[in-house]
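Dear colleague,

I am handing over the structure we discussed, with the sequence alongside. Please find both directly below.

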Amino acid sequence: MIINNLKKRLEKNINELLKAKSFSIDDNDMAKVLNNFNISEPKNKDFGDLSTNVSMVLAPVLRENPLVIAQMIKEDIISNWDEVDSITIEKPGFINFNFKDSFIRKELKKIITEKECFGFNKSGQGTRIQLEYVSSNPTGSLHIGHGRWGVLGDSLANIYSANGYDVFREYYVNDYGAQIKNFANCVKCLYLRHFNIEIPYPEDGYPEASVSIVVGKIIDKHDDKFILHGNENNIVDAAALEEEAVKLMVSHIMDTLSSIGVVFDRWFYEKDLYKDSNFEKVIGKLRDKNVIYEKDGALWFKSSEFGDDKDRVVVRSDRNPTYFASDILYLINKIERGFGTLIYILGADHHGYVKRLKAVGRALGIDEGRIAVVIGQLVRIIKSGKVLKMSRRKGKVYTLRDLILEVGKDSVRYFFCMNSFDTPMDFDIDLAKKRSNQNPVYYVQYTHARIESIIRKIKSSTDTDIDNFNLDEINISEMEFKTKTERDLAKAMIMYPDVIYNSCKNNSPYFVTQYLYKLASEFHYFYNHYRIITKNKVNLNRLALLLLIKIVLKNALKMLNISAPEKM
């Protein structure tokens, strides 16, 4: 990780320099400086390979002109770095610098030695992380938002694993409570109707069109198995029917998610939280901690004392537990299973959930840093330039399964990863289906396919034995960057480990899609301006660059679980 390692070194060097020059800075002020400065690639490549704003961040603390500070840092720190060639200072105080070509070549060697592990690091080694995502009620098909959150969770799991964390992926099945009972009653009505037994359909029931899919599967599989013949009081085994309906819905959800590569280590059922008197035991522990109380016949959690807007009901006056009760039980269960960090990926309607979840953590003495909540915003579907209007209640829904069937797994995953998940997005169906450079996933994947095409051409039309062209035997230290474009390509590749590290620290898979598009752009420009094969002779330097790009590109696509096609 070039940028992150240089940032740490610059922090250390600045501390040492200021002490040596007898600058007196309050520890809190210094901490703010170190948190706020950055090293990054400038938008204008002419300014250098990297740029830092550290002198401008230091200026108000040192009460000195940022240009003066920049000159001091240039002369006393950065000019001593072995990696750096030239350094310039630009108003109002940016320090820009270029790498030595020898350093770039040294970093390129890591791609050869690490191959499919290039980009990995061990920053999270020793930490167990549990990622909970999607967690839709098993009462209907997944909507588009569920797909976005599923792709986010799955991609983040890959990214965290690449950063050395021990990752556990979990789906929380809400199979307990009022919504499941409502769904079960809808299933019972349609099931009995098939056998000419009429009972009223619930007024607030789920759309018959979606429920009938499950009922049809139950009938195909079990026929009238759940009818209680000869029983005057009960005409159907409601508990068994409900269990089968939930089982089939979970299977349907599982199948939909697996079709876009979203899988889980465990499907955790809410009902399991209430087994073996677990709920009563937890309530007893909460009473002992004095964080719950009785009021108006209900049991309340003192969440307002721990940062929430108000206290929350745990058990209603009818003695039934609330959703919040399950949240408490599930959080305790996760902690007892030994996870170091808990990451919840929730839908846009769960903003209020964050404070109450954090409040439970504080009340139970759980370090606040161990609980992280990522809110995934909603998705609008755009088709033929118009927004598709949807209504679950009216049964007018364009589901995740519909989207997958229309545009395919790779487009679904890439588009869902293109933007920050805390902002709403528009999913343009027509764009996702285009086979042109306008479609970003096509543009990126075509890079890999084009490289494969060049390799096939080398095999068929030159005397280069590419099958035995071993990257391990290439002397990268003697590779020449004869053009700025070649150097830019090489520099883009060696920045990939920083992308994976920063994606993890910011819970942002879109850093990877941005990187993929940039690398693809660098490659296409290179391909369109410089020849790799001339008169049946191969430029081995450029061939080596191509094979290195192929490794990095495939690694980055794999991080998002997107294929790297050989032909398109």
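The following paragraphs set out what was found in this predicted model.

**The parallel sheet**

Five strands make up an open sheet, arranged in the order β7-β6-β5-β11-β12, and their pairing is parallel. The edges are taken by β7 (266–269) and β12 (371–376); each has a single partner strand, so one side of each is left without a neighbour in the sheet. On average, and with direction ignored, neighbouring strands of this sheet are turned by 25° against each other.

Within the sheet, β5 (residues 128–132) pairs with β11 (residues 341–347) in the parallel sense, over four bridges. I129 has T341 in β11 as its bridge partner.

**Helices across the sheet**

Two helices that lie across these strands may be of interest to you. Helix α6 (residues 144–162) lies across β5, β6 (166–173), β11 and β12, and runs at about 155° to β11. Helix α11 (residues 323–336) lies across β5, β6, β7, β11 and β12, and its angle to β11 is about 145°.

**A hairpin**

Strands β8 (residues 292–295) and β9 (residues 298–301) run antiparallel and are joined by four bridges. Y293 has W300 in β9 as its bridge partner. Two residues lie between the strands of this hairpin, and D296 takes a positive phi near 55° there.

N174 sits in the loop between β6 and α7 (178–194). Is this residue, N174, buried or exposed? Its relative accessible area is 15%; because the cut-off for a buried residue is under 20%, N174 counts as buried. Leaving aside neighbours within four places in sequence, N174 is in contact with S135, S136, N137, P138, I180 and E270.

**The packing of α7 and α9**

I180, one of the contacts of N174, also belongs to the α7 residues that meet helix α9. Two packed helices are described by the angle between their axes and the distance between the axes. For α7 and α9 (residues 238–258), the angle is about 105° and the axes are 9 Å apart. Angles of 65 to 115 degrees count as roughly perpendicular, and α7 and α9 are therefore roughly perpendicular to each other.

On the α7 side, the contact is made by I180, K181, F183, A184, V187, K188 and Y191, which meet L241, E242, A245, V246 and M249 in α9. The residues of this contact divide into nine nonpolar, no polar and three charged.

Yours sincerely

Note on methods
Residues numbered from 1 in each chain as written. Predicted model: local features only at pLDDT ≥ 70, side-chain atom pairs only at ≥ 80, totals over all residues. Heavy atoms only, no water. Pairing = 2+ DSSP bridges. Axes fitted to C-alpha atoms, helices over the stretch in contact; angles between N-to-C directions. Contact = heavy atoms within 4.5 Å. Buried < 20%, exposed > 50% of the residue type's maximum accessible area, 1.4 Å probe, protein only. Parallel < 35°, antiparallel > 145°, perpendicular 65-115°, else oblique. Nonpolar A, V, L, I, M, F, W, Y, C, P; charged D, E, K, R; others polar.
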